[in-house]
Amino acid sequence: MAIAFNLAICSIILLGTVVPSKPQIVPLLPIVPPNTFVIREPLVPVIREPLVPIVPLVPLARSQNQVQRQQSKSDDVLDSAPQPRSCSKCEQASYPQYISEADIQIVAKLETPKLILRYGHQVETHYAFTSDGYKLCLHRIPRPGAIPVMLVHGLMASSASWVQFGPSQGLAYILSQAGYDVWMLNTRGNIYSEERQTGRENDQDFWDFSFHEIGQYDLPAAIDLILLQTKKPSIQYIGHSQGSTAFFVMCSERPEYAAKISLMQSLSPSVYMEETRSPALKFMKFLTGGITVLLNFLGGHKISLENKIINMFREHICDKLIPSRICAIFEFVVCGFNFNSFNMTLSPILEGHSSQGASAKQFYHFAQLQGSSGFQKYNYGLILNKLRYNSILPPLYNLSLALTKVALHRGDGDWLGSESDALRLERSLPNCIENRNIRFQGFSHFDFTISKDVRPLVYDRVLNLCGSNR
Ligand SMILES: *[C@@H]1O[C@H](CO)[C@@H](O)[C@H](O)[C@H]1NC(C)=O
Ligand SMILES: *[C@@H]1O[C@H](CO)[C@@H](O)[C@H](O)[C@H]1NC(C)=O
């Protein structure tokens, strides 16, 4: 009976046979015939070439900054490695605090490297190849000889998370100005890392991954590339959301990599998710409970942007008084959105760089963690678990292997990170040096990259920790 009910709901959601239950909400997007796993264009199509020539918003300090080198020579001149320093007031003042209306429209459509150039910084693009057949793109604001810091974005995001709103607010620029060599990874499946390699050509194979594979293969490949390019013994790591989750997977599955990270900072540590408040994740968990097998049949797929879950849960982030296209963006519907701390004038930029690609399995895996007390591998159902893990339950990740120094930053408005879950993570980690609550009521999941006050609330402390844990 319960199974049949689940099955019925599941087909409504996944196969799109019935119109969502609350059709009175006027859709903000053009209606498309209900159909799952159809890949649609992003809300604002990201154009590969800029409409106008790139004119930096700020004068370039050095003329050679304009050169975009593709693959940097490994013997980059190690000229006078700058020592990291804290950002001085005068340095901040040389960058505009505000972006003009015209620039907003342009920046919204630029890919990360062009966006960085436009904001007046040098950029390089590098590629790392994973041992299981993915080609990952890293964007770098180079500072040869300086301490490398790798930034890893969250679910459905990209390297643009760290640079989209310009030098006064983007963590990548702030770190670069403070004297670090900044590397931004794009994990498998997002628009910068979607090239099909041999053996991964078909959809089913390509999209068959969760954050487990990102931790097991993507992070080690990226870390090795950076160590090779910079000839440094270790790097620092900053991860937002899934960028944190995958880090702890890596430490459990490839513990030798913990020693290659001198400090890990987690912005919204999404590891233990017993008290997750996301209505959409709770719902997905409810679905995966009884009929994992059906979901497994749907396994390797790109997440569908017009998934019914968006329509069902949209009112949880927006009421009818806030008519914003943001209310229709998948990740904000799932993870929450704080309209009070985001400068809505910048919405076109946010829309242009959101929903950059993810697999359905990533969401299912997070949904499985929801409400459960453990941090465990993907649940394939009893039989497949037995075959794969030799255990009917998915094995737990071993957090005691994460020997890296770790600092946790969490917000009390974060649907994915409750205080008790963060506390439990802190206690599970052998070397947690800080577990910090952001002092701002309602600080939410995406505020770590988009809040207009993110710099004083979060990044100043992040920078401090970077400096004192070199
Ligand atoms: C929001 O951003 C716009 C465009 O950069 C700027 O003009 C405006 O002053 C900002 N508002 C706030 C409250 O920061
Ligand atoms: C986790 O790793 C620690 C350290 O190597 C080890 O002592 C412990 O037995 C492991 N736990 C499990 C459940 O494998």
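A polar side-chain atom of Asn398 sits 2.3 Å from an oxygen atom of ligand 2. That is a polar contact, meaning a pair of N or O atoms within 3.5 Å. Inside the protein, one atom must also be able to donate a hydrogen and the other to accept it, and residues adjacent in sequence count only if both atoms are side-chain atoms.

Some ground rules. This is a predicted model, where local features need pLDDT of at least 70, side-chain atom pairs count only at pLDDT 80 or more, and totals for chains, interfaces and linings use all residues. Residues are numbered from 1 along each chain as its sequence is written, chains are lettered from A and ligands numbered from 1 in the order in which they are written, and side-chain values use heavy atoms, with hydrogens and water left out.

Back to ligand 2. Which residues are around ligand 2? They are Asn398, Ser400 and Leu401. A residue counts as near a molecule or strand if one of its heavy atoms lies within 4 Å of it. On its own, ligand 2 has 360 Å² of accessible area, and the protein covers 24% of that. Those areas come from the Shrake-Rupley method with a 1.4 Å probe; for residues, only the protein chains shown count as cover.

Now ligand 1. Its surroundings are Tyr98, Ile99, Asn343 and Thr345. Ile99 takes part through its backbone: a polar atom there is 2.8 Å from an oxygen atom of ligand 1. Asn343 uses its side chain, with an N or O atom 2.3 Å from a ligand oxygen. Alone, ligand 1 exposes 360 Å², and the protein buries 59% of that.

Next, the inside. Take strand E3, residues 148–152. Helices (H or I, at least four residues) and strands (E, at least two) are DSSP runs, numbered from the N terminus. How many residues of E3 are buried? 5 of the 5, so the strand is largely enclosed by the rest of the structure. Buried means under 20% relative accessible area, exposed means over 50%, and partly exposed is in between (1.4 Å probe, protein chains only). Both faces of E3 are covered. Pro148, Met150 and Val152 are on one side, with Val149 and Leu151 on the other. E3 pairs with strand E4, residues 181–185, in the parallel sense over 5 bridges. Two strands pair if DSSP finds at least two bridges between them. Look at Leu151: its bridge partner in E4 is Met184.

Helix H14, residues 360–369, is also enclosed. There, 10 of the 10 residues are buried, so H14 is largely enclosed by the rest of the structure. Among them are Lys361, Phe363, His365 and Gln368. Just after H14, Gly371 takes a positive phi of about 75°.

One loop residue deserves a stop. His121 is in the loop between helix H4 (112–118) and strand E1 (124–129). His121 is buried, at 7% relative accessible area. Its side chain reaches the backbone oxygen of Tyr119 at 3.3 Å. His121 and Ser176 are 55 residues apart in sequence, yet 9.3 Å apart in space, C-alpha to C-alpha.

On to charges. Side chains of opposite charge can pair when their charged atoms come close. The whole structure holds 16 salt bridges. Each is a side-chain nitrogen of Lys or Arg within 4 Å of a carboxyl oxygen of Asp or Glu. Lys260 and Asp224 form one, at 3.4 Å, N to O. Lys260 is in the loop between helix H8 (242–253) and strand E6 (261–267), while Asp224 is in helix H7 (residues 211–230), 36 residues apart. Lys260 is partly exposed at 23%, and Asp224 is partly exposed at 31%.

Glu253 pairs with Lys377, the closest N and O atoms being 3.1 Å apart. Glu253 lies in helix H8 and Lys377 in the loop between H14 and H15, so this bridge ties together parts 124 residues apart in sequence. Are these two buried or partly exposed? Glu253 is partly exposed, at 24%. Lys377 is buried, at 15%. Elsewhere, Asp132, Arg188, Arg200 and Asp218 are linked in a network of salt bridges.

Last, the surface. Ile383 is in helix H15, residues 382–389. Ile383 is exposed, with a relative accessible area of 66%.
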